[in-house]
Amino acid sequence: MHDVPRKKLLYIEDDESAWRVVHRRLRDRYVLIRAKTDVEACVMLRQFGHELCGILCDIHLGGDLSGLDLARLVRGKVDLSLLPAWAHDVPAIHAPIIVITGDPSRGHTALDAGVSAVLGK
């Protein structure tokens, strides 16, 4: 039996306990790539964007960009002049984006940003 290569999944989350739970659940099925900040997320999106099978992202990242901003960025739904220079030249990514939030009322806004699904914490 041949090993099937695992697909890459980017998880953007600064909370260690949330990371541990997701890592434990998904590590056997995916190569998990973690970004703790919006800046790290842009670096990882540039580096691995074309290889990603999906993106999991918290809405609140604690930086200049929210998870919804990142979704708009990779979906081409944002004016780059409104973003910091370090967020420019992030490639368009068509993989599913799943946003994780403690505020379920953000669901409609998330879908408008190009998010595929919204999960509650």
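At 58% relative accessibility, Asp89 counts as exposed, where exposed means over 50% relative accessible area, buried under 20% and partly exposed in between, with a 1.4 Å probe and protein chains only. The model is predicted, and local features need pLDDT of at least 70, side-chain atom pairs count only at pLDDT 80 or more, and totals for chains, interfaces and linings use all residues. Residues are numbered from 1 along each chain as its sequence is written, and side-chain values use heavy atoms, with hydrogens and water left out.

**The nonpolar cores**

- The largest nonpolar core has 30 residues, and those with the most contacts inside it are Leu10, Ile12, Leu45, Ile55 and Leu70; such a core is a set of buried Ala, Val, Leu, Ile, Met, Phe, Trp, Tyr and Cys residues joined through side-chain atoms within 4.5 Å.
- At least two residues of this core come from each of strand E1 (7-12), strand E2 (30-35), helix H2 (38-48), strand E3 (52-58), helix H3 (67-75) and E4, where helices (H or I, at least four residues) and strands (E, at least two) are DSSP runs numbered from the N terminus.
- Apart from it lies another core, of nine residues, among them Leu9, Tyr11, Val22 and Leu32.
- Leaving aside residues up to four places away in sequence, Leu45 touches Leu10, Leu52, Ile55, Val74, Val90, Pro91 and Ile93, a contact being heavy atoms within 4.5 Å.
- In soluble globular proteins, nonpolar side chains tend to be buried together.

- Within H3, the buried residues include Gly67, Leu68, Leu70, Ala71, Leu73 and Val74.
- At the start of H3, a side-chain oxygen of Ser66 comes to within 3.2 Å of the backbone nitrogen of Leu68, while just after H3, Gly76 takes a positive phi of about 70°.
- Asp89 is found in the loop between H3 and E4, and Asp89 has a positive phi of about 60° although it is not a glycine.

**Glu13, a buried charged residue**

- Glu13, placed in the loop between E1 and H1, is buried, with a relative accessible area of 1%.
- The side chains of Glu13 and Tyr11 are joined by a polar contact of 3.4 Å, meaning a pair of N or O atoms within 3.5 Å, of which, within protein, one must be able to donate a hydrogen and the other to accept it, with residues adjacent in sequence counting only if both atoms are side-chain atoms.
- The side chain of Glu13 also reaches the backbone nitrogen of Asp15 at 3.0 Å.

**Ile97 in strand E4**

- Ile97 is found in strand E4 and is buried, with a relative accessible area of 2%.
- Not counting residues up to four places away in sequence, Ile97 touches Ile55, Ala71, Val74, Arg75, Gly114, Val115, Ser116 and Ala117.

**The largest pocket**

- Tyr11, Ala18, Val21, Val22, Arg25, Leu26, Leu56, Ile98, Ile100, Leu119, Gly120 and Lys121 line the largest pocket; on a 1 Å grid over the protein atoms alone, a pocket is an open set of points where a 1.4 Å probe fits, with protein on both sides within 12 Å along at least five of seven lines, and lining residues have an atom within 4 Å of a point.
- Two or more lining residues come from each of helix H1 (16-26), strand E4 (97-101) and strand E5 (117-120), and H1 gives the largest share, five residues.
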